[in-house]
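Subject: Structure handover

Hello,

Here is the structure I promised you. Please open it first, then read my notes below.

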Amino acid sequence: MMHNPTLRRASLLTPAIAVILLLIGVPLCLMGWISLLGKGTSSGVDWASLPSVANYVRLVWEEDFDGTMILNSSYLVIFLRSVVLAAVTTIFSLLLGLPVALWMAGLSRTGRDAMLLLITIPFWTNLLVRNYAWLIILREDGWVAKSVNAISPFGPVQLLYNDTAVAIGLTYSFLPFMILPLYTVFEKFDWRLLEAAYDLGATRKRALRRVLLPIATPGIMAGSLLVFIPCLGAFVTPALLGGGKTLMLGNIIQMQFGASRNWPFGASLSVILLAAMLIVMTAMALLRNRRTA
Amino acid sequence: MNPRRFPFTREISLAVMAYLYVPVVVLIAYSFNANRTATIWTHASVSWYGRILENPSIQAAAWNSLVLAVCAATAATLLALLAALSTRRDFLGRGAAETVLNMPLILPEIVVAVATLLLFVALGVHLGLTAMMAAHTAFCIPFAYLPIRARLDGMSGTYEEAAQDLYASRFRTFRRVTMPMLWPGVMAGFTLAFVTSLDDFLTSFFLSGPGTTTLPVYIFSAIRSGISPEINAISAVMLVVSVLLVALSFFLGRLRR
């Protein structure tokens with residue numbers, strides 16, 4: 001038996017850490033390297049090519065027929081659309097999630113547990129299946145589209161395959177991630193503090209702004225991060241509800257590994273996605289530190 | 001002031017719950033629709049469930065999903081259990097270890113899936129069930145780790161100390177005292193890892209290779225060729241299975257300590 005506690009701990013911890021590092025850490029590093037290589041003819045990667053930043057240059061510029069570099073906005077548009085859709089989804093989730101979290105915090109113990117289970121269940125059900133359900137609801141010959149078209153003053157409206165459909169699907173997919181951190185904050189909140197503020201003559205608005213909001217802010221930030229980041233890398237929702245018209249970063253990454261078969265370019269797009277995510281996370285962390293300082 | 005008194009929170013909450021659950025109900029309702037076109041309601045029928053039971057490619061995909069989920073969840077739970085036991089007490093580097101263990105939760109899945117595909121191709125690993133098992137094990141670890149960790153945190157160390165004072169060996173203490181108390185947490189962790197693997201689409205989509213599909217990958221390609229009553233029926237089955245398993249894990253996590 002191992003009697004040295006440090007050695008015993010290391011031997012218990014190492015297998016899990018090693019599996020994650022080998023199957024997630026190492027691949028990410030390899031991906032960073034491949035993003036600098038050229039496209040291969042048979043396997044997708046030209047391993048012998050010299051490393052260069054050509055794949056990153058391609059995101060913004062493309063070579064014209066005569067060799068001059070001209071601006072190519074198609075990838076920039078997709079990147080911007082991903083960021084905007086993720087931001088819009090975050091805002092929708094906050095607007096819907098805040099009242100739910102507040103309401104849950106005021107329920108009885110059993111009511112809270114039941115709501116917690118109801119909010120968590122969608123998270124564990126298949127994302128693909130849940131987005132497919134929206135495909136059924138919003139489709140052209142469905143009753144929702146028919147009733148919208150019956151009252152629409154602008155003539156027939158297409159509900160599917162546009163940015164709105166993707167935003168609805170994304171909010172639907174990630175809303176629980178907003179509700180749960182908010183609820184955690186409100187559940188722990190001592191509501192007598194608000195009463196104290198009123199007793200000391202604060203107006204309702206002032207009490208909410210000066211007492212409840214500072215306490216809710218960490219929950220709002222955590223929830224926003226938990227919604228924004230998976231939205232940025234969404235694939236299933238835009239693939240189903242965007243119908244190939246509303247592309248997001250996830251879709252163009254997948255295309256490089258599918259039809260286009262340009263793996264190094266796909267790797268560089270993934271690196272960009274990862275970098276965008278890290279920037280957002282760092283910004284949030286800095287914001288939090290400045291608030292507490 | 002009580003949160004109950006915030007105006008309209010009740011109405012908005014009920015609307016949000018409808019937003020979350022109406023699509024699910026619609027999907028399940030349509031899976032019982034007898035009509036071939038999947039768009040016009042005629043009358044209730046279970047014929048599509050019979051149809052999916054007879055479909056050999058759905059059977060093969062379901063079997064692959066099941067084997068994959070059992071293997072990945074077992075491996076992930078075992079690794080997570082060992083890791084959770086080792087991070088029970090604070091030590092230098094515990095924070096770093098937990099960050100690594102939770103890494104799969106934070107990283108965008110499509111990036112990890114693509115990166116794993118690149119690694120496997122670079123190493124010449126054959127894509128298919130084994131490749132998927134390895135990748136699923138890695139991202140299931142935090143899902144198994146968190147419930148076990150939570151159970152351990154709620155356990156007092158006094159029983160184990162008492163056992164050791166009564167001259168139980170370290171292994172005997174673990175087997176006769178720690179494990180029986182920890183068991184619900186381990187089962188909850190296994191269930192969540194199992195559901196996560198069963199429902200996974202993206203990683204399997206990239207690593208399945210030709211010939212081996214899982215149920216979600218099958219559903220995705222079927223949706224690509226249009227809405228059909230068969231997809232409604234398999235989707236409904238997948239939803240119900242996940243919900244039952246998660247409810248099970250929820251109640252396991254709440255078992256009396």
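Start with Trp124(A): it is buried, at 12% relative accessible area. Buried means under 20% relative accessible area, exposed over 50%, and partly exposed in between, with a 1.4 Å probe and protein chains only. Phe143(B) is buried too, at 16%.

Some ground rules. This is a predicted model, where local features need pLDDT of at least 70 and side-chain atom pairs count only at pLDDT 80 or more, while totals for chains, interfaces and linings use all residues. Residues are numbered from 1 along each chain as its sequence is written, chains are lettered from A and ligands numbered from 1 in the order written, and side-chain values use heavy atoms, without hydrogens and water.

Now the aromatic rings. Rings of Phe, Tyr and Trp (its six-membered ring) pair if their centres lie within 6.5 Å; planes under 30 degrees apart are stacked, over 60 edge-to-face, the rest tilted. Over all chains, the count is 22 aromatic pairs. Trp124(A) and Phe143(B) have ring centres 5.6 Å apart and planes at 70°, so they are edge-to-face. This pair crosses between chains, from helix H4 (residues 109-124) of chain A to helix H6 (residues 129-153) of chain B. Helices are DSSP runs (H or I, at least four residues), and strands are too (E, at least two), numbered from the N terminus.

Phe186(A) and Trp191(A) are both buried. Ring pairs also link a cluster, including Phe235(A), Trp263(A) and Phe201(B).

Finally, chain A has 12 helices and 2 strands.

Best wishes
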